[in-house]
Amino acid sequence: MLFGRGTSVNLHPGNRQFRSLVESNKLTFMKAKKNKQKRAVAAYIYNEIQSMLPPGRFLEEDPSINTNNASVMMGAFPTSADLHPSILTKNWSVVDPEKALFKILKRLREKDSRVQVPVEPVLTPNMTDGGF
């Protein structure tokens with residue numbers, strides 16, 4: 001999963017898998033009442049990504065990496081026609097788990113018209129006996 005903006009990052013296969021995994025867990029997240037439960041959903045997504053074969057990682061562009069050492073991170077991407085060439089020319093580093101969880105939680109909170117939590121009607125005493 002690549003941190004960043006733009007079409008090349010958005011279309012990366014790992015980011016597509018990430019969005020799919022988030023969408024499949026969004027309803028559970030939205031139904032969670034406590035922050036601890038919401039964080040557990042994010043941790044589940046993080047662990048699912050980590051347990052993929054090959055293991056998924058959360059990467060951000062790191063301009064401080066010397067280009068001579070860039071080969072260390074080039075193994076981060078499989079050779080694939082799905083990758084935008086600009087991604088391969090950048091240096092990437094793994095983010096710490098807390099930053100990854102923050103990103104997952106942010107994505108889970110985003111509004112999505114396709115996912116809606118069913119709203120239960122609130123009944124007042126007057127509504128239960130027919131009114132007035």
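**Figure 1. Order of the elements along the chain.** From the N terminus on, the elements follow the order α-α-α-β-α-α-β-α-α. The model shown here is a predicted one. Its secondary structure amounts to seven helices and two strands. The chain has 132 residues, of which 31% count as buried. When contacts between residues at least 6 apart in sequence are considered, 71% of them join residues at least 24 apart.

**Figure 2. Packing of helix α2 against helix α6.** Two packed helices are described by the angle between their axes and by the distance between the axes. For helix α2 (residues 13-31) and helix α6 (residues 97-109), the angle is about 65° and the axes lie 9 Å apart. The crossing of α2 past α6 is right-handed. On the α2 side, the contact is made by F18, R19, V22, E23, N25, K26 and F29. On the α6 side, I104, L105, R107, L108 and R109 take part.

**Figure 3. The largest nonpolar core and a separate core.** In soluble globular proteins, nonpolar side chains tend to be buried together. In this model, the largest nonpolar core contains 18 residues. Within this core, F18, I45, F58, I104 and L108 have the most contacts. Helices α2, α3 and α6 are the elements that each give two or more residues to the core. Another core, of five residues, lies apart from the largest one and includes L2, V9, L59 and W92.

Figure 4. F18 counts as buried because its relative accessibility is 4%, below the limit of 20%. Beyond its neighbours within four places in sequence, F18 is in contact with M1, I45, I49, F58, I104 and R107. F18 also belongs to the α2 side of the contact with α6, as well as to the residues with the most contacts inside the largest nonpolar core.

**Figure 5. Aromatic pairs around F58.** The count of aromatic pairs comes to three. The ring centres of F18 and F58 are 6.0 Å apart and the ring planes stand at 90°, so this pair is edge-to-face. F18 lies in helix α2 and F58 in the loop between α3 and β1 (59-61), and the pair links these distant parts of the chain, 40 residues apart. F58 has a relative accessible area of 1% and is therefore buried. The rings of Y46 and F58 have centres 5.7 Å apart and planes at 15°, so this pair is stacked. Because Y46 lies in helix α3 and F58 in the loop between α3 and β1, the pair ties together parts 12 residues apart in sequence. Both Y46 and F58 are buried. Ring pairs join F3, F18, Y46 and F58 into a cluster.

Figure 6. N25 is located in helix α2. With a relative accessibility of 12%, N25 counts as buried. Apart from its neighbours within four places in sequence, N25 is in contact with V41, Y44, I45 and L108. N25 is also one of the α2 residues that make the contact with α6.

Figure 7. A32 is found in the loop between α2 and α3 (35-50). A relative accessibility of 11% means that A32 counts as buried. Its neighbours within four places in sequence aside, A32 is in contact with Q37 and K38.

Technical notes. Residues are numbered from 1 along each chain as its sequence is written. This is a predicted model: local features need pLDDT of at least 70, side-chain atom pairs count only at pLDDT 80 or more; totals for chains, interfaces and linings use all residues. Side-chain values use heavy atoms; hydrogens and water are left out. Axes are lines fitted to C-alpha atoms, for helices over the stretch in contact, and angles run from 0 to 180 degrees between N-to-C directions. Helices (H or I, at least four residues) and strands (E, at least two) are DSSP runs, numbered from the N terminus. A crossing is left-handed if the near helix is turned anticlockwise from the far one by less than a right angle, and right-handed if clockwise. Contact means heavy atoms within 4.5 Å. Buried means under 20% relative accessible area, exposed over 50%, partly exposed in between (1.4 Å probe, protein chains only). A nonpolar core is a set of buried Ala, Val, Leu, Ile, Met, Phe, Trp, Tyr and Cys residues joined through side-chain atoms within 4.5 Å. Rings of Phe, Tyr and Trp (its six-membered ring) pair if their centres lie within 6.5 Å; planes under 30 degrees apart count as stacked, over 60 as edge-to-face and the rest as tilted.
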